[in-house]
Amino acid sequence: MPVIRTWQLTAGATAVGLALAAGAVAVAGPWDSGQRRAEREWAAGDRPPGGAPGPERPAPAPAPSAPAVLSPLGARAATAPADGKPGGLGEELAPLLDDPALGALRTASVVDATTGRRLYGKGEAEPMTPASTIKIATAAAALTALGPDHRIPTSVVASGRELTLVGGGDASLDRAMLRTLAERTARALRERKTGSVELAYDTSLYAGDPMHPIGVNGNLAPVTALMVDQGRIDAESRGSSERSDDPAGEAARTFARMLSERGVRITASPAPGRAADDARALAEVRSRPLSALVERMLTDSDNDIAESLARQTAVAGGRKASFAGAERAVREQLARLKVPLAGARFADGSGLDRKGRLPARLLTALLARSAEPGRPELRTVLTGLPVAGFNGTLESRYPGDSPGTGLIRAKTGTLTGVNTLSGTVAAPDGRLLAFAFLAGKTPARDPAQDALDRLASALAS
């Protein structure tokens, strides 16, 4: 493995940890959940997940020295004037924000994450199409509504010889988990001395049209309460790929085959239906904790999990689990956090819908809330963000000589003509800064992403 991955992750984790400590942010909560463990394992090994050799990178610049990171801990936090005042962030950021690659629309917000103090802003109250940075809001809403330990169930209930596979909305359900559910179901049927059954499947937890407004798209399956492998035709595929137009039916048929392999005779093809009123629980599997699902969603920009979490938020808030119900529920949960919601629209949970709108200051406010000592339930909003030059959607975006590599954690957002970046960075003075840079009408993706990366890197240098 190239040296960059180990020292820069270590330096970044150290700087971020010390910055949070300087701001009195407690480490209570799921700081050490799946994403952090995966990062340590990857940093210690020779290959990234999946077994493929990691890309070769140029040798990095020397790591930051300890005194540069530690000195602020014993001193009063440095201040940075906002906007374009001499010596302030504006003097450095304004020319970078004026890059033509960022198109005709661009806004920015930078705050001290541990105090919420505004350090720089340009149009930060103006609603913009956020693309996938809206997943920060989706994550914060779901964690506020349900807590980091919540697990999403997929269950089987029985009434006599009638079985119903009940979808709970777990978009992370895969064949291995479904196989476990089939084994538990078969065991329970053997104990009942039941050898043949009818099978139905229940998706009634969700309401409304399952098709996203963008229509059929390889980036997202129809949004249903029951799916396996995110409805992918090729279960091993990742990213954009062909999806089933009936993921719930496909999951039920796969489950029926698994039951048959375990000696259970299915007397008819699985059909949609509701569980009988007298049906009793037979078997169940549950997702990983919500904190781990949030980390996966943010790191990989997983659209299926994002839409699932928006609907889980609706269910928790007593709203219909539809696109419209999820939008209302997300807003209601974020209002509990007392963040600036004026102009915001949560048209979906993933950011694929261009009707979504967020001001930059809302994103930085959510990141600052997630760093507060009294809100450990939100901590995975920070830990799930991809690390520049290391993992997720930022793995290949920062070169080895970039000052932001290993020190920036940020959610990316990309639609045609829209490029966004929002996250945190460990500043040279030890503070943790939260930032959001949103650009619209961008002429080309790659130059816009490079310009956004330069803006974030400027905060680390």
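By class, seven nonpolar, three polar and two charged residues line the largest cavity of this predicted model. The charged class holds Asp304 and Glu307. A search of the whole structure turns up two cavities of 30 Å³ or more. Rolling a probe the size of a water molecule over the atoms shows where such empty space is left.

Now turn to the sheet. Strands of a sheet pair through backbone hydrogen bonds, either parallel or antiparallel. Here five strands form an open sheet, paired antiparallel in the order β2-β1-β11-β10-β9. Its edges are β2 (118–122) and β9 (408–415), each of which pairs on one side only. From one strand to the next, the twist averages 5°.

Look at one pairing in detail. Strand β10 covers residues 418–426, and β11 covers residues 432–440. The two run antiparallel and are joined by nine bridges. Threonine 420 has leucine 438 in β11 as its bridge partner.

Which strands does helix α4 touch? Helix α4 (residues 89–97) packs on the sheet against β1 (105–112) and β2. The direction of α4 makes about 30° with that of β2. Helix α11 (residues 360–370) lies across β1, β10 and β11. Relative to β11, helix α11 runs at about 155°.

Terms used:
Residues numbered from 1 in each chain as written. Predicted model: local features only at pLDDT ≥ 70, side-chain atom pairs only at ≥ 80, totals over all residues. Heavy atoms only, no water. 1 Å grid on protein atoms, 1.4 Å probe; cavity = no way out; pocket = protein on both sides within 12 Å on 5 of 7 lines; lining within 4 Å. Points joined across faces, edges and corners; volume = space filled by probe spheres on them. Pairing = 2+ DSSP bridges. Helix = DSSP H or I, 4+ residues; strand = E, 2+ residues; numbered from the N terminus. Axes fitted to C-alpha atoms, helices over the stretch in contact; angles between N-to-C directions. Contact = heavy atoms within 4.5 Å.
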